[in-house]
Amino acid sequence: MSRSTAVSRRGSNLARLTTVLALTLACAGATTGLLSAPAAQAQTVSAGSLSFSGDAGDYISGGQSYAYDPASGDSLDVYGSTDHNHVSVNVNGANGDWWYLDLAAPAGQELAPGDYTGATRYPFNSASEPGLSLDGNGRGCNTLTGEFSVSDVTFGPNGYVQKLDATYEQHCEGGTAALRGEVHIDNPAPPAALDLGVSVDLKGTASTLNGKATIGGTVSCTAPVKVNLSGQVTQVAKKVLIKGSYATTVACAPDAPAAWTATADPTGTTPFQKGDVEVDAQATATDPNYGGIVTATQTAVVSLAKDSSVG
């Protein structure tokens with residue numbers, strides 16, 4: 001992305017935030033609905049379009065027609081909530097226009113093919129109402145009524161939106177003037193979500209010089225990622241409870257498991273000793289495609305041998 005494009009997008013996002021805050025204050029006395037689950041990170045729409053037009057009295061469109069398509073140099077991004085309840089399409093037009101379309105099913109429902117009548121302004125729709133909003137270029141409805149129809153929608157993991165075909169109609173402030181439009185998205189099949197695995201070696205060492213326990217194992221992954229490993233080593237020796245935590249980082253590639261080694265420093269004055277310990281291991285990494293944190297855990301009994309070298 002060029003610097004000028006990035007600045008333009010930041011400006012449009014700030015403008016929309018200002019508009020939303022003003023509209024929210026105007027509606028402060030209204031009853032608000034439940035927000036849907038968090039959205040996944042943005043996906044650039046590779047093929048699709050968003051268009052709308054309005055009656056002469058429609059505030060949002062000003063009675064004009066608008067159409068945007070990546071093939072024409074416009075940028076469209078799509079977000080889907082992780083519970084598949086809500087989809088948002090953001091437009092950054094090649095001409096500097098910026099628009100946001102939100103479509104949401106009633107709370108607790110996935111957005112699916114069908115007609116959604118009685119929609120009110122997203123995200124202030126009540127739990128039983130669909131949510132709808134088309135705003136941008138500094139204009140938005142304080143209150144909104146409308147409806148939309150979804151003819152096709154396909155989600156992938158973590159809110160990935162592969163397909164969306166829908167039409168929508170909204171009225172600002174209870175007026176009769178309408179804005180009508182449609183949206184079409186045809187993205188590639190979603191990449192697989194990141195999968196992690198972690199194992200703990202059944203043998204480790206206890207240093208006779210500094211009392212630290214050294215343990216290890218392997219991690220596996222389905223995409224190249226940096227994996228953070230952490231956990232705790234616990235031992236009972238001569239009726240004394242010995243504990244120590246550890247942390248390390250390892251680069252993981254999908255072709256083969258990656259080995260990891262870490263050292264746990266006992267928290268008290270009693271050192272780790274030869275014998276069995278319980279090792280809790282947790283591996284975490286950020287999914288490179290979807291942005292979420294993926295976690296894998298393992299607990300194992302590890303036999304420590306004496307080690308006379310410094311750990």
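User: Is D165 buried or exposed?
Analyst: This is a predicted model, in which local features need pLDDT of at least 70, side-chain atom pairs count only at pLDDT 80 or more, and totals for chains, interfaces and linings use all residues. Residues are numbered from 1 along each chain as its sequence is written, and side-chain values use heavy atoms, with hydrogens and water left out. Buried means under 20% relative accessible area, exposed over 50%, and partly exposed in between (1.4 Å probe, protein chains only). D165 has a relative accessibility of 17%, so D165 counts as buried.

User: Which residue forms a salt bridge with D165?
Analyst: A salt bridge is a side-chain nitrogen of Lys or Arg within 4 Å of a carboxyl oxygen of Asp or Glu. Side chains of opposite charge can pair when their charged atoms come close. For D165, the N to O distance is 3.9 Å, and the partner is K163.

User: Which strands hold R180 and E169?
Analyst: R180 and E169 form a salt bridge, with the closest N and O atoms 3.6 Å apart. The two residues are 11 apart in sequence, so the pair ties together two parts of the chain. Helices (H or I, at least four residues) and strands (E, at least two) are DSSP runs, numbered from the N terminus. E169 lies in strand 10 (residues 161-172) and R180 in strand 11.

User: How many residues apart are D55 and R180?
Analyst: D55 also forms a salt bridge with R180, the closest N and O atoms being 3.1 Å apart. D55 sits in the loop between strand 2 (48-54) and strand 3 (65-68), while R180 is in strand 11 (residues 179-186).

User: Which residues are linked in a network of salt bridges?
Analyst: R180 bridges to E169, and R180 also bridges to D55. R180 is partly exposed at 39%, E169 is partly exposed at 23%, and D55 is partly exposed at 29%. The network links D55, E169 and R180.

User: Which side chain joins H86 in a polar contact?
Analyst: H86 is found in strand 5 (residues 86-92) and is buried, with a relative accessible area of 10%. A polar contact is a pair of N or O atoms within 3.5 Å; within protein, one must be able to donate a hydrogen and the other to accept it, and residues adjacent in sequence count only if both atoms are side-chain atoms. At 3.1 Å, the partner side chain is that of Y122.
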